[in-house]
Amino acid sequence: MMTNSAIILKRTLPFGAVTLLLSGCVSGPPEPPVHTDVFATQIKDNDAKIFGFSMLTGPARDQVSGTGQGPSPQGKRSPGRADNHAQKMTQLRSRVEQKLADTGYCRQGYIEIDTYETNKRIHLMGECNESATTADRKQFPNK
């Protein structure tokens, strides 16, 4: 005859083993951090300081809309998508300003050359208002 303790142990032991096995599967190696922003600089022979900045925007656009049919006819956006695009652009410009302040690359502001959106990223290309100095060429070498 089994005691109450033995019966409880017999019934809970399989659950404990399953829990232990599952927790081992869940606690794999940590995922590497996602590199969301990309900032690249180039100083031209005429001392023009060019840069490109891009950031992740989330899932692909056709996944967001749920239609899988790509952009709407004649390039028109629905009001919700237009608001989302405006928010992305505001966030992009804010992050560009922060990156330029952190690096000191464009000390006198910049001119926006182009912005565009790809599948999961939004990009801004710009040119600094000031010309490159010798110190700029050392700090931001072309690669």
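1. In which loop does D47 lie? D47 sits in the loop between β1 (37–43) and β2 (49–56). Its phi is near 75°, a positive value in a residue other than glycine. Most residues other than glycine have a negative phi. D47 counts as partly exposed, at 27% relative accessibility.

2. This is a predicted model, so confidence comes before any detailed reading where pLDDT is low. The protein chain has a mean pLDDT of 77, and 61% of its residues reach 70 or more. Among the elements, strand β4 (residues 121–128) has the highest mean pLDDT, 98, and helix α2 (residues 61–65) the lowest, 40.

3. Two stretches call for caution. Where pLDDT is low, the predicted coordinates should not be read in detail.

4. Strands β3 (residues 110–117) and β4 run antiparallel and are joined by seven bridges. A hairpin through three residues connects β3 to β4. Within this pairing, I111 stands opposite E127 in β4.

5. The largest nonpolar core has 16 residues. Those touching the most other members are F51, L92, V96, L100, Y105, C106 and Y110. The largest share, four residues, comes from α3.

6. Y105, one of the core residues named above, deserves a separate entry. Leaving out residues up to four places away in sequence, Y105 touches F39, T41, Q42, I43, K49, I50, F51, L100, C128, E130 and F140. Two of these partners, F51 and L100, are also among the core residues that touch the most other members.

7. Is E130 buried or exposed? E130 has a relative accessible area of 8%, and because buried means under 20%, E130 is buried. E130 lies in the loop between β4 and α4 (134–139). A polar atom of the E130 side chain lies 2.8 Å from the backbone nitrogen of R107. Apart from neighbours within four places in sequence, E130 is in contact with K49, Y105, C106, R107, Q108 and G109. Y105 and C106, both in that list, are also members of the largest nonpolar core.

Technical notes
Residues numbered from 1 in each chain as written. Predicted model: local features only at pLDDT ≥ 70, side-chain atom pairs only at ≥ 80, totals over all residues. Heavy atoms only, no water. pLDDT = per-residue confidence, 0-100. Helix = DSSP H or I, 4+ residues; strand = E, 2+ residues; numbered from the N terminus. Buried < 20%, exposed > 50% of the residue type's maximum accessible area, 1.4 Å probe, protein only. Polar contact = N/O pair within 3.5 Å; in protein donor to acceptor, adjacent residues only side chain to side chain. Contact = heavy atoms within 4.5 Å. Core = buried A, V, L, I, M, F, W, Y, C linked by side-chain atoms within 4.5 Å. Pairing = 2+ DSSP bridges.
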